[in-house]
Amino acid sequence: MNFSLRCHVCHAPFPATALYVCDKCMGPLEVHFDYDAVRRTISRERIEAGPRSIWRYRDLLPIEGEPRTGLHSGWTPLVRADRLAARLGVRELYVKDDSVNHPTCSYKDRVVSVAATRAVELGFTVFACASTGNLAGSVASHAARLGLDCSVFIPDNLEPGKVAGAAVYQPRIIAVRGNYDDVNRLCTQVADQYGWGFANINLRAYYAEGAKTFGYEIVEQLGWRVPRHIVSPVAGGTLLPRILKGINELRSLGLVDGDEPKMYAAQAAGCAPVVNALEQGLEFPDPVKPDTIAKSIAIGNPADGFQVVNAVRATGGAGAKVGEEEILAGIELLAETEGIFTEPAGGVTVAATKQLIERGVIPADESIVICVTGNGYKTADVLAGRGPVPIHIGRSLADFEAAVPGGQTVEQS
Ligand SMILES: *Cc1c(COP(=O)(O)O)cnc(C)c1O
Ligand SMILES: [Zn+2]
């Protein structure tokens, strides 16, 4: 086994079990690889010859045996976005599109695939999570495939599409009267009391490693090149620092040259603890009470918030928070220019990128990657009353010509 756990803060070592806090300093535990051992086997060729999924990076993922699930998760498109680039006034822009991640259409299938495989290896029979929506669907899906008993805990105000997206897999769904932070607090108690495997609590160290694959893929899909700027949404703070960790692993293993990218944190103004901390010069974000349509990233007290703050500061990046109307306009802008339908979290990221470019924080002539992490079909309701309405007509050509004189093109707003 080439990995163990280590305290993120005091670096105390721990065995690779379902531990998640350091008993010496209360810091979070993270996976630590024996990079010398990894260096002896890993190469670009070995990765390129691997499966078209997150498991092509298996040498840097914390499992002991064979992957058990997520055999088609990851390896999502990195889309060159020239029409969006033109609208934003920049030269080189890409969308890393996890709205089409298999099987549940969000970035969560990466982290859950690793956590679920590790849960089986550690002997858990109940797989669970505290979720803002997408995680519940992903955990329930992978649990179904693995035949694990499943319980998902959600806030009781989730979008119906997100609840349905979990319910179809027949998990136990526990809707807690409260927000995500209340759900998470309860789940920590349940994990300790009942010994269930919670993807993002006692299996969090393994879960977080799965997010590195988002960064690995960006680099590999750019032809083993590091982009200058990466804009990521932030909820609990897993993804953004792990994109950076993944890219820095590839750099230190000699698989890619170039400077580390600048990392930018995107949040909704209605839930922006990390962006506030960046603006106010705080090391640890002050908790907020979430109030935004971007529910999948509405976490007021992010577990890894300080890691996001560190990653953004260390790379010379910045934060951006955007209002509710900007979020909807961000969804529409991405759809109109690139044909990609994302959920509000993606709207936040697009709108934050637009703002960072307009503020001159991200320059127009350097490579930029926007992280799109979830699919719009789950939250289509947020667009009610927007966009063109169907023109209802009879079935003859005359009906058509009366309604659309001369076959006029669609009016652009
Ligand atoms: C979970 C999630 C994120 C990011 O969450 P982190 O906890 O910060 O990793 C981003 N977008 C969507 C759609 C999500 O579901
Ligand atoms: Zn410690």
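Trainee: Where is Gly27 found?

Mentor: Gly27 sits in the loop between β2 (13–14) and β3 (29–33). Helices (H or I, at least four residues) and strands (E, at least two) are DSSP runs, numbered from the N terminus. Please note that this is a predicted model, in which local features need pLDDT of at least 70 and side-chain atom pairs count only at pLDDT 80 or more, while totals for chains, interfaces and linings use all residues. Residues are numbered from 1 along each chain as its sequence is written, chains are lettered from A and ligands numbered from 1 in the order in which they are written, and side-chain values use heavy atoms, with hydrogens and water left out.

Trainee: Is Gly27 buried or exposed?

Mentor: Gly27 counts as buried because its relative accessibility is 4%. Buried means under 20% relative accessible area, exposed over 50%, and partly exposed in between (1.4 Å probe, protein chains only).

Trainee: Which residues is Gly27 in contact with, leaving aside neighbours within four places in sequence?

Mentor: Gly27 is in contact with Cys7, Val9, Tyr20, Val21 and Cys22, once neighbours within four places in sequence are set aside. Contact means heavy atoms within 4.5 Å. His11 is 16 residues from Gly27 in sequence, and their C-alpha atoms are 9.2 Å apart.

Trainee: And where is Val9 placed?

Mentor: Val9 belongs to the loop between β1 (3–7) and β2. Leaving aside neighbours within four places in sequence, Val9 is in contact with Cys25, Gly27 and Pro28.

Trainee: What is the phi of Met26?

Mentor: Met26 has a positive phi of about 70 degrees, although it is not a glycine. Most residues other than glycine have a negative phi, and most peptide bonds are trans. Met26 lies in the loop between β2 and β3, and is exposed, with a relative accessible area of 62%.

Trainee: What about the phi of Gln170?

Mentor: Gln170, a residue other than glycine, has a positive phi near 65 degrees. Gln170 is placed in the loop between α6 and β8 (172–176) and is exposed, at 67% relative accessible area.

Trainee: Cis or trans: what is the peptide bond from His102 to Pro103?

Mentor: The bond from His102 to Pro103 is cis, with omega near 0 degrees. Pro103 is in the loop between β5 (93–97) and α4.

Trainee: Changing topic, which residues come nearest to ligand 1?

Mentor: There are 16 residues around ligand 1, and Tyr107, Lys108, Ala235, Gly236 and Thr373 come nearest. A residue is near a molecule or strand if one of its heavy atoms lies within 4 Å of it. By class, this shell has seven nonpolar, seven polar and two charged residues. Here Ala, Val, Leu, Ile, Met, Phe, Trp, Tyr, Cys and Pro count as nonpolar, Asp, Glu, Lys and Arg as charged, and the others, Gly among them, as polar.

Trainee: How far is an oxygen atom of ligand 1 from an N or O atom in the side chain of Tyr107?

Mentor: That distance to the Tyr107 side chain is 2.7 Å.

Trainee: Now Asn134: where is its place?

Mentor: Asn134 is in helix α5. At 5% relative accessibility, Asn134 counts as buried. Its side chain makes a polar contact with the side chain of Lys378 (2.8 Å). A polar contact is a pair of N or O atoms within 3.5 Å; within protein, one must be able to donate a hydrogen and the other to accept it, and residues adjacent in sequence count only if both atoms are side-chain atoms.

Trainee: How many residues of α5 are buried?

Mentor: Ten of the 13 residues of α5 are buried. These buried residues pack against α4 (108–121), β6 (126–130), β7 (149–155), α6 (160–167) and α8 (204–210). Gly147, with a positive phi near 70 degrees, follows α5.

Trainee: Why is α14 described as largely enclosed?

Mentor: Helix α14 is largely enclosed by the rest of the structure because 13 of its 15 residues are buried. Gly360, whose phi is positive, near 80 degrees, follows α14.
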